[in-house]
Amino acid sequence: ITTTNSDTPLYYTADAGQSWAQIRPQSNFLSDYDIDFAGNFGCLTTRGSSVSCNLDATDPTTWSSAVFTGVDLQLHGIEVYDNQNIWAVGRNGRITYSSNGGNSWLTQSAPVSDDFWDVVFTDPNTGWIVGGSAILHTTNGGNTWTTQSIPSSANLFGVDFVSTSECWAVGRNGQIFNTTA
C-alpha cells in the first residue's frame with residue numbers, strides 16, 4: 001500500500017487482507033510512491049531520492065535505505081524482480097538499477113526524458129517502463145531501452161504484462177493501451 005504524505009504510515013497484512021496494521025518503518029519515508037515484493041524481499045520508492053528495501057517481509061518494520069545523492073531523482077515506480085534485480089524509475093527519464101539487492105545502484109540511459117511512473121519485468125532481461133507519453137521496452141536488462149509507438153496525447157501511469165511479448169499500459173482519462181514486443 002502506498003502513502004501520500006510523510007505523516008501517513010505504511011500498512012501491512014499477514015492474512016491476505018483480512019486485517020491491516022499500521023507500521024512506521026525505521027526510515028523516515030517522504031511520501032511513498034510505489035512498493036513491490038518478490039517473495040519476502042521488497043522495496044519502495046519515495047518522493048525524495050531514495051529506495052528503501054525490506055530484507056524480510058515477516059518483519060515489516062525493518063527497512064534499509066539507499067539514498068541517491070547529487071540529483072533529485074524523485075523516484076515513482078519500482079520493480080523487484082527477485083532479491084537481487086531491482087529497477088526504480090522517476091522524474092526526467094531517470095532509471096536506476098541494482099543487481100545486488102539494493103546495495104549499489106547504476107543509472108541506465110533512457111531515450112526520452114518523460115517522468116516515468118511505473119516499471120515491470122517479465123524476466124531479468126525483458127521489461128517495460130511507462131510515463132507521460134512514453135512506453136519503453138528492453139530485452140537486455142535495461143542496457144538499452146527503445147520507445148514503442150503510442151498516441152502523443154497519452155499520459156501513462158501504470159504498466160503490467162501478460163507475457164514476455166505482450167504488455168498493457170493505463171493512463172489518465174481511462175486510456176488503455178496494449179502492445180506486443
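Which residues form a nonpolar patch on the surface? Val162, Trp168, Val170 and Ile176 do, and together they have about 380 Å² of accessible area. The model is predicted.

**Surface patch**
- Tryptophan 168, one of the patch residues, is found in strand β16, which spans residues 166–171.
- Tryptophan 168 has 38% relative accessibility, so this residue counts as partly exposed; the range for that class lies between 20% and 50%.

- Strand β12 is largely enclosed by the rest of the structure, because five of its five residues are buried.
- Gly127, Ile129 and Gly131 point one way from β12, while Trp128 and Val130 point the other way. Residues on both sides are buried.
- Strands β11 and β12 run antiparallel and are joined by four bridges. A hairpin of five residues connects β11 to β12.
- Valine 130 in β12 is the bridge partner of aspartate 118. Valine 130 also stands opposite isoleucine 135 in β13.
- Five bridges pair β12 with β13, again in the antiparallel sense.
- The hairpin of β12 and β13 has two residues between the strands, and glycine 132 there takes a positive phi near 60 degrees.

**Aromatic pairs**
- The structure holds four aromatic pairs. One of them joins phenylalanine 121 and tryptophan 145 in an edge-to-face arrangement, at 6.0 Å centre to centre and with 85 degrees between the planes.
- Phenylalanine 121 lies in strand β11 and tryptophan 145 in the loop between β13 (134–138) and β14 (146–148), so this pair ties together parts that are 24 residues apart in sequence.
- Phenylalanine 121 counts as buried because its relative accessibility is 2%. Tryptophan 145, at 6% relative accessibility, counts as buried too.
- Ring pairs link Trp87, Tyr97, Phe121 and Trp145 into a cluster.

**Two buried threonines**
- Threonine 126 lies in the loop between β11 (118–121) and β12 (127–131). Its relative accessibility is 9%, so threonine 126 counts as buried.
- Leaving aside residues up to four places away in sequence, threonine 126 touches Val120, Phe121, His137, Thr138, Thr139 and Thr164. Among these contacts is Phe121, a member of the aromatic cluster.
- Threonine 96 has its place in strand β9, residues 94–98. At 4% relative accessibility, threonine 96 counts as buried.
- From C-alpha to C-alpha, threonine 96 and leucine 75 are 9.2 Å apart in space, and they are 21 residues apart in sequence.

Methods. Residues numbered from 1 in each chain as written. Predicted model: local features only at pLDDT ≥ 70, side-chain atom pairs only at ≥ 80, totals over all residues. Heavy atoms only, no water. Buried < 20%, exposed > 50% of the residue type's maximum accessible area, 1.4 Å probe, protein only. Contact = heavy atoms within 4.5 Å. Phe/Tyr/Trp six-rings, centres within 6.5 Å; stacked < 30°, edge-to-face > 60°. Patch = residues over 30% accessible without salt bridge, like charges linked within 9 Å, V, L, I, M, F, W, Y side chains within 5 Å. Areas by Shrake-Rupley, 256 points an atom, 1.4 Å probe, with all protein chains shown as cover. Salt bridge = Lys/Arg side-chain N within 4 Å of Asp/Glu carboxyl O. Pairing = 2+ DSSP bridges.
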